[in-house]
Amino acid sequence: MNAMREESRSVWMDVEVAPDAAPLTEDTKTDVVVVGSGIAGLSIAYELVLRGQSVLVLDRGPIAGGMTSRTTAHLAPICDDSLAELLSMRGKELAQGFQASQSAAVDRIETIQQELGIDCEFRRLDALLFLDPKSKPSVLDDEVEAAGEIGVAVERGEGLPLRTLEDRPYLRYPEQATFHPLKYLRGLAEALQEKGARFHPFSAVAKISEDKTGVHIALETGHTVDASFVVVATNSPIHDLFALHTKQAPYRTYAMGFEIERVALADALYWDTEDPYHYVRLTSGSDGKDVLIVGGEDHKTGEANDAHVRFAALTSWIKTLVPELYRWSGQVMDTLDYGAFIGREAHRNRTFVTTGDSGQGITHGVVASLIIPDLIEGKENKFATVYEPARKPTKAAMTFVSENSTAITNLAKYLAPGELASVEELEPGQGAIIRDGLTKIAAYRAEDGTLYQRSAVCTHLGCHLQWNAFETCWDCPCHGSHFAPDGTVLNGPAIAPLAEIPTGSDAEAEA
Ligand SMILES: Cc1cc2nc3c(=O)[nH]c(=O)nc-3n(C[C@H](O)[C@H](O)[C@H](O)COP(=O)(O)OP(=O)(O)OC[C@H]3O[C@@H](n4cnc5c(N)ncnc54)[C@H](O)[C@@H]3O)c2cc1C
Ligand code: FES
């Protein structure tokens with residue numbers, strides 16, 4: 001039991017990346033180990049291989065099976081959270097650096113897919129930010145002003161080709177982009193394998209250490225990899241217990257795919273000013289149809305277990321009667337200032353990290369590939385300061401405190417009563433927290449009646465877990481780990497599985 005629910009399936013997941021790759025079954029050496037095979041890991045691996053480094057990529061699960069397979073693939077050179085807020089938090093120079101680096105990332109994807117001949121539906125298109133009736137009209141004015149200061153091209157318009165939005169004011173940002181992320185990564189992985197990079201799926205890393213001779217990677221299986229450098233591209237960092245985790249917070253985000261006739265809607269990236277925001281975009285479907293992707297309804301991980309309500313809200317928001325094909329959710333790591341943390345780890349020489357996708361994780365992953373190879377080679381990089389992992393944005397201090405209050409409020413959950421009085425009350429397919437004296441149990445009864453009881457304490461830093469009925473997994477609200485009902489880690493930063501709780505007869509036997 002180590003996969004999330006079948007019902008949660010993204011529009012991209014039929015495409016397999018490096019399906020012939022096998023787990024690592026021996027001790028080995030390489031120049032650089034990349035841990036994590038999403039957009040960040042594979043993009044960094046590619047740039048390193050082009051520079052002549054030997055690279056080995058390790059992943060806990062399948063290659064490119066992480067959050068990249070759950071994205072909605074908006075490739076935005078602009079900050080899609082808010083240009084005005086980006087400017088106020090980071091100042092003009094760093095906001096311009098952010099914009100230039102995101103733009104360079106999209107250009108790099110465009111160049112790579114052209115050079116390698118990857119058929120990944122990459123295309124440039126408009127992004128249209130429209131006013132939600134609950135937002136003040138001045139929101140758009142603020143965006144136009146900030147765009148002018150940062151140097152982003154923008155135009156005003158009115159009336160979108162979406163039902164109920166025919167008279168809505170909007171801003172048009174030209175030259176944004178989109179693609180099929182797994183087709184792109186499939187092509188990139190093939191090129192990497194041809195150039196000698198090694199991929200090992202189902203090879204979870206348990207420990208990363210470094211000394212003067214290099215880095216030493218220990219896998220859960222006991223095998224080891226020695227290298228000169230390591231890049232931790234696990235989305236939520238597995239090597240750092242505290243520093244980076246205090247500066248970002250996990251948010252669960254939802255998406256659905258509806259089949260529509262091709263050309264029923266102009267190909268563009270649409271999103272609104274509501275908080276949390278909604279968005280609409282297109283990708284190609286089968287039989288000459290398109291798939292309309294609708295997403296949003298984000299919430300902090302573990303603070304809601306109402307996916308059906310969020311999907312209903314998305315359906316009613318789109319207000320269109322087209323057959324639904326896909327629904328899925330995933331997680332993004334939101335940082336205080338919308339910028340990822342990319343660079344050399346504080347107090348380490350040979351360990352590099354990329355994390356903090358902030359909903360722009362595809363471009364942030366590629367930005368990491370434009371920065372980290374230079375740092376590994378000891379070169380200056382013009383974007384490095386924008387993403388310096390050690391930065392502490394002072395203007396965002398209040399947000400910083402509120403983001404991290406999750407960890408504080410989470411402590412109170414240990415004192416709260418369980419959600420059910422006993423496991424006897426669990427229905428098939430239901431998960432719930434049950435108190436047994438001082439112990440909190442994460443209990444799940446499978447559809448066939450099998451009962452799973454694991455500790456409700458996250459193995460990363462001990463936060464209290466929350467059941468996610470839609471994905472059939474336990475979510476950790478603190479730093480984003482997910483666990484299967486049998487305790488297996490589905491998403492980091494946790495490495496160890498949930499502790500087993502002896503069930504009825506086992507407990508009696510132990511006594
Ligand atoms: C619904 C949704 C919509 C989104 N929409 C957009 C969008 O439109 N535009 C955009 O730019 N971004 C978007 N994002 C964000 C973006 O998809 C992600 O931020 C990005 O794909 C993350 O890439 P990554 O390489 O950092 O992480 P991942 O793709 O998650 O890769 C990390 C890998 O590390 C592996 N790993 C973890 N722990 C270990 C370990 N101990 N040992 C070995 N391997 C390990 C995992 O198995 C995983 O495969 C969206 C995200 C979601 C969920
Ligand atoms: S992910 Fe850090 S405590 Fe759970």
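This is a predicted model: local features need pLDDT of at least 70, side-chain atom pairs count only at pLDDT 80 or more; totals for chains, interfaces and linings use all residues.
Reader: How many helices and strands does the protein have?

Author: The secondary structure comes to nine helices and 24 strands. Of the 511 residues, 57% are buried.

Reader: How many salt bridges are there in the whole structure?

Author: Side chains of opposite charge can pair when their charged atoms come close. Here a search of the whole structure finds 21 salt bridges.

Reader: Which residue forms a salt bridge with Asp 107?

Author: Asp 107 pairs with Arg 124, and their closest N and O atoms are 2.8 Å apart. Asp 107 sits in helix α2 and Arg 124 in strand β4, so distant parts of the chain, 17 residues apart, are linked. Asp 107 is partly exposed at 38% relative accessible area, and Arg 124 is partly exposed at 24%.

Reader: Where do the partners Asp 126 and Arg 172 lie?

Author: The side chains of Asp 126 and Arg 172 meet in a salt bridge, at 2.9 Å from N to O. Because Asp 126 lies in strand β4 and Arg 172 in strand β6, the pair ties together parts 46 residues apart in sequence. Asp 126 has a relative accessible area of 26% and is partly exposed; Arg 172, at 22%, is also partly exposed.

Reader: Are Arg 391 and Asp 337 buried or exposed?

Author: Both Arg 391 and Asp 337 are buried. Their side chains form a salt bridge of 2.8 Å, N to O. Arg 391 is in the loop between α7 and α8, and Asp 337 in the loop between β15 and β16, 54 residues apart.

Reader: Which residues are linked in a network of salt bridges?

Author: Arg 51, Asp 374, Glu 377 and Lys 379 are linked in such a network.

Technical notes
Residues are numbered from 1 along each chain as its sequence is written. Chains are lettered from A and ligands numbered from 1 in the order in which they are written. Side-chain values use heavy atoms; hydrogens and water are left out. Helices (H or I, at least four residues) and strands (E, at least two) are DSSP runs, numbered from the N terminus. Buried means under 20% relative accessible area, exposed over 50%, partly exposed in between (1.4 Å probe, protein chains only). A salt bridge is a side-chain nitrogen of Lys or Arg within 4 Å of a carboxyl oxygen of Asp or Glu.
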